[in-house]
Amino acid sequence: MKPIEVFKALSNESRMQILEWLKEPERHFTPHEGIDMREIGVCVSQITNKLNMTQSTASQYLSILQRAGLIKTKRIGKFTYYQRDEEAIRSIAEYLMKDL
């Protein structure tokens, strides 16, 4: 993980909001039938609706977070689900505490 990429990803309020929502998905989203949001994640359409923006913009934000290593994806059928990468987030927090 490159810290500069993480900081770039976090420099947008909506991307920060996505990470906050994904921390406790059951508080912010209604799950798809049969999907455990803690284990599988949240669908891009759910995030798009919550952000109240186009799917292309939400997808771009999610892509930036994924490239920075802050979220992971799982594909199930025609849906892509997103969840936080807690290990990567801990790693960047340790970097901030120790190295910066």
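A residue counts as buried here when its relative accessible area is under 20%. With that cut-off in hand, let's start with helix H5, whose buried residues are Ala58, Tyr61, Leu62, Ile64 and Leu65. Keep in mind that this is a predicted model.

**Helix H5**
- The buried residues of H5 are Ala58, Tyr61, Leu62, Ile64 and Leu65, and they cover an arc of only 155° around the axis, which puts them on the same side of the helix.
- As for length, H5 has 13 residues and spans 18 Å from first C-alpha to last, close to the 18 Å expected at 1.5 Å a residue.

**Either side of H5**
- Asparagine 52 belongs to the loop between helix H4 (44–51) and helix H5 (55–67).
- Most residues other than glycine have a negative phi, but asparagine 52 has a positive one, near 60°.
- Asparagine 52 is also exposed, because its relative accessible area is 72%.
- Just after H5, glycine 69 takes a positive phi too, of about 85°.

**Aromatic rings**
- The model has three aromatic pairs.
- One of them joins phenylalanine 7 and tyrosine 95: the ring centres are 6.5 Å apart and the planes sit at 40°, so this pair is tilted.
- Phenylalanine 7 lies in helix H1 (residues 3–9) and tyrosine 95 in helix H6 (residues 86–98), so the pair ties together parts that are 88 residues apart in sequence.
- Phenylalanine 7 is partly exposed at 30% relative accessible area, and tyrosine 95 is partly exposed at 25%.
- Tryptophan 21 and phenylalanine 29 form an edge-to-face pair, with 6.1 Å centre to centre and 90° between the planes.
- Both tryptophan 21 and phenylalanine 29 are buried.

**Threonine 80**
- Threonine 80 is part of strand S3 (residues 79–84).
- Its relative accessibility is 18%, so threonine 80 counts as buried.
- The threonine 80 side chain makes a polar contact with the side chain of arginine 75, at 2.7 Å.
- Setting aside neighbours within four places in sequence, threonine 80 is in contact with Val42, Cys43, Val44, Thr73, Lys74 and Arg75.

Key: Residues are numbered from 1 along each chain as its sequence is written. This is a predicted model: local features need pLDDT of at least 70, side-chain atom pairs count only at pLDDT 80 or more; totals for chains, interfaces and linings use all residues. Side-chain values use heavy atoms; hydrogens and water are left out. Helices (H or I, at least four residues) and strands (E, at least two) are DSSP runs, numbered from the N terminus. Buried means under 20% relative accessible area, exposed over 50%, partly exposed in between (1.4 Å probe, protein chains only). A polar contact is a pair of N or O atoms within 3.5 Å; within protein, one must be able to donate a hydrogen and the other to accept it, and residues adjacent in sequence count only if both atoms are side-chain atoms. Contact means heavy atoms within 4.5 Å. Rings of Phe, Tyr and Trp (its six-membered ring) pair if their centres lie within 6.5 Å; planes under 30 degrees apart count as stacked, over 60 as edge-to-face and the rest as tilted. The expected span of a helix is 1.5 Å times one less than its number of residues. The arc is that of the directions from the helix axis to the C-beta atoms.
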